[in-house]
Structure formats: C-alpha cells, structure tokens
Amino acid sequence: MATQSSTEITEGRAVLGIELGSTRIKAVLIGPDHRVLATGGHTWENQLVDRLWTYSLDDVRTGLQDAYAQVAAAVRSEHGVELTRLAGLGVSAMMHGYLALDADGELLVPFRTWRNTHTGQAVEQLSAALDFNVPHRWSIAHLHQAVLDGEEHLPRLATATTLAGYVHHVLTGEHVLGVGDASGVFPIDSATGTYDAERLATAQRVLAEAGFAGQLTDVLPQVLPAGEVAGHLTEAGARLLDPSGALQAGAPLCPPEGDAGTGMVATGSVAPRTGNVSAGTSIFAMVVLEGPLSQVHRELDLVTTPAGDPVAMVHCNNGASELNAWAGLFGQFAAAAGSPLDDGAVFRTLFEASLDGAADGGGMLAYNYLSGEPITDLEEGRPLFLRTPGSPFDLPTFMRTQIYAAFATLRIGMDVLTAEGVRLERMFAHGGVFGTKGVAQRHLAAAIDTPVSVGDVAAEGGAWGIAVLAAFTAVRDGSGEQLELAAYLDEAVFAGAQLETLQPDPDDVAGFDAYLRRYVAALPVERAAVEHS
C-alpha cells in the first residue's frame, strides 16, 4: 500500500539538498512539509599539497555519487519506491576559497579551500583600497594573491568560483552563486543584492595595476537571491549524480549557497537580533545586523543571509578537529585497557566530565590551531596544551579547557560586536560538538554570555538547510508569489519547533573570562611554536 511519503516521492514532489562539508558530503531528501525522507553521506578529508589545503575534484564527483546512491537506496528500502524525479535541488558547500576554471569549465589549479591563509599581501592591499575587511579565505583575496605571485594560469582564467558554484555549474551549466555564498567572494551591496559596484571598480584597478588583464565582471559568477530559479538539472548533471540513469533531468535548482547561509536557514536565524554558531572543522558565528557597523573590523566579515540582508560573521579556522584528536586518543586508551568504547560513548564520557571541571580552566591552557588563525593573526598553527606547574591535572578540567579552546577565538570576535552595540536575543548552536546534551551548549553560553538554543530543527544541518532553500524556490516558482524567506521559514518551516535554551551561568561566565585573559596573554607561546617548528 502506498504511503504519503512514497506517493510524494513517486509524484516528484520531494526535494534534494546536498552539502559538501569539510569532512562529510551529505544528501538529504525532504517532502513538501520539509520532513526528512532519506539521507546519505560520504566521508572525505582535505589534503595539504604543496603547503596548500585542497580537495580533489575526483573526490567531489565520487562523494556526490556515493551520497546520492545512499539516498536512492534508502528510498528503495524505507519507502518501497524508486527515486526518479525531484521537485527541486540545491547545492551547498564550504564557503570561500578559489576554484579557477577555463572557458571549458576545466580546473586550472588545484582547488584552494577556505583553510588557506597564504593571501596576506592581497588581504592587506584589498582591505586598504576597498575600506573593507577582506578575509584571507575570500575568493577575491585568492585571485589577487595569484596575480601578485604572477601565476601562469591567469591568462586562461574564465571563472573564479566557490565549491558550491562549481558543483552547481556541473549540474546545470550555469555560473551563478547565491548572494550569501557570493558575499564570501566579493563585498555585496545589500541595497542592490549584487557585488558592490564602486568597490568592484576599485578592485579592478588594483588588480590591473598588479598585472591582471581580465575583467572581474566577466570572471565573477552572477549573483542571485534565495527563491530564484538558478538553472535546471541537465541530463549530464543527472548522470553525474546517478550513473544508473534512473534520475530524470529537469528539476529546478535554487542558487548555490555556502555553509554559513544554510546554517542560518537550518536554524531559522535570518532575522535581525538572531544568530547561529556552527561548529565543525572550523567554527563561526553569524549575527544578522539591524544596521551598518561604525567602522571596519579585522575580526569581522560582512556577509549576507541567503536573502541578501547584512550579517556580521566571526569565522575561526580552527574548530573541533583537536577535540576529535583527543577523543581518538582516549578511545585508543580504552581499547588498550580492554574496555573499548564507540566514538559516541567516548565523546559523551569526556564531554560530561567537563561539567565538573574548574570554571576558569584551573591553570590549564589549550590552543586548537591545526591551521592558521586570522582572528589572532597567525598564518600557521600548532596545537598546544600548557599548564602551570602547580595546576591540578584532572580529566574534567582538562576537557573543559579543550572545549574552551574551541570557543576562545570565537569570543574574541564576538567581543568586537558587543563593543559595536550589537545585541542578540538568541544564539542557535548546531554541529556535532553540541551532540552531547547540555555540555558544549553550556560552555558556549558562558563564552559569549548569551542564551544558547539547540533543537532537532538543525539535526541534518546544512544539507537540510539547502533542501529547504530548494523547496522555497520550488514553491515560489510554482505559485508565482514573491514570498519572503524569513516569513517562509517562520510560517512554513519552523512553526511549532521545539527548542532547548540554556541561560549563561554567572560562575561559568566569570571562569571563561579568566581563561580568555590567560589565553590572550599566552599567545606569544603559540607564535613561538610556529616560528621554531
């Protein structure tokens, strides 16, 4: 007997979202009510090649096919039907970085990810010329650095895009970006919803003076807001996702977005005075602004929501990777002791122990810098753990220190927003680090002295968020109505959502403040480690 879900799938009313994260490519199929019908995933990892962080595009294709195949298999086993048609499709990926393509769409140099911080000279020149904080990882910084370095690929450069933009192009043939992802390529004018024209002209002059012969208006992808149709799945795109031939071409795609934008959507945080923290390999906070900031701040990126509204982004290159490494070590110890634990049990045990640790870190200090960290002005990183000779050395405080380390640079950036008078009513947190109930949530609330909410609304993360954006596009395209994204999320997606909110504990807040003072004072130790190793 056909169920509601199987009927939605066979009638082509389901929507697929795909997000290429830093460690996992995930695909989520949702129904018209945004309920998850099937998921699939593929684990991958970046590589450090010639001192630059990259991913192979062969791995991109393999990962897309694997994630999609798992979705199709789940549809077959759980709903008893074949997945052949989609009402919509969306692609999201890690923001920023540099994918240089020639006129035939072929890659000119290995994909340079957001994690690379070799663009210091370009950042300095562009930030001064544009009167705008241009972060190291932005596409325009990568392009200008390539010009300054005289790279040989530049005469053949036709398009500079992001990972989401590249995958979208492969699926549709269109060179476009959602405005949120585009805001990590070049500054956006929220009034026009596209690249800032005055700054674009200035950047063109700066690059030309350095030897760039191309036109930025030709090289940068077209910008589209949420809800617009950004192309349709081609036959070649359908075969890329599904080599079996079952998936039909023709589904409309929403504008490709970055993981920051899909995080805002997945948490319903697209209105002023709302924000969200996403914790993974990197950690970042997105705060939707009520108005412009008073000045340029090195610690803040000015980006946009997928609808084009201004957002202050605090982006830290180093997030939970060092926590994962310590958990792996403790897991190995448990196995060697004859009491093996699965990864979930290891994390749960360690995280819950941290609740009994000293609120100020007890004289322990940790830096989770596996890569450079622009917030603290470090081009490279070295993970470090330090303690004073007289400090206690217990597991609860050690783990609290490690979790604090994941939030320390985030807090440094958030302090700049506080000084600007920006106020938050709620910060929504999502990512694997928040999987152990009430632990990282409590420590984050202390770090930023703000109520922190978690809930199952973002359980599938950015892949669900981009699926929701694809559903939004399909609804707007089908109805012809000019729906607003914020209203759509409030009324159609998050109505009745259950959230759990923790208020910051005053003792924890004071403890984190003390920890952060030691953290900032000891940064010369981290710099010395980079210089001498």
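User: Which residues lie nearest the centre of the second largest pocket?

Analyst: In this predicted model, local features need pLDDT of at least 70 and side-chain atom pairs count only at pLDDT 80 or more, while totals for chains, interfaces and linings use all residues. Residues are numbered from 1 along each chain as its sequence is written, and side-chain values use heavy atoms, with hydrogens and water left out. A pocket here is an open set of points on a 1 Å grid over the protein atoms alone where a 1.4 Å probe fits, with protein on both sides within 12 Å along at least five of seven lines, and lining residues have an atom within 4 Å of a point. The second largest pocket is lined by 22 residues, and those nearest its centre are Phe-132, Arg-199, Pro-292, Leu-293 and Leu-302.

User: Which element gives the largest share of that lining?

Analyst: Strands are DSSP runs of E with at least two residues, and helices are runs of H or I with at least four, both numbered from the N terminus. Two elements give two or more residues to the lining of the second largest pocket, strand 16 (301-304) and strand 17 (310-316). The largest share, three residues, comes from strand 16.

User: In what order do the seven strands of the open sheet run, and which strands stand at its edges?

Analyst: Two strands pair if DSSP finds at least two bridges between them, and by this rule seven strands form an open sheet of mixed pairing in the order 16-17-15-14-20-21-22. Each edge strand has a single partner strand, so one side of each is left without a neighbour in the sheet, and these edge strands are strand 16 and strand 22 (499-502).

User: Which residue in strand 17 is the bridge partner of Met-286?

Analyst: Strand 15 (residues 283-288) pairs with strand 17 in the antiparallel sense over six bridges. In strand 17, the bridge partner of Met-286 is Met-313.

User: Is Cys-316 buried or exposed?

Analyst: Buried means under 20% relative accessible area and exposed over 50%, with partly exposed in between (1.4 Å probe, protein chains only). Cys-254 has a relative accessible area of 2% and is therefore buried. With a relative accessible area of 0%, Cys-316 is likewise buried.

User: How far apart in space are Gly-80 and Ala-2?

Analyst: Gly-80 lies in the loop between helix 2 (57-79) and strand 6 (88-93), and because its relative accessibility is 61%, Gly-80 counts as exposed. Gly-80 and Ala-2 are 78 residues apart in sequence, and their C-alpha to C-alpha distance is 8.6 Å.
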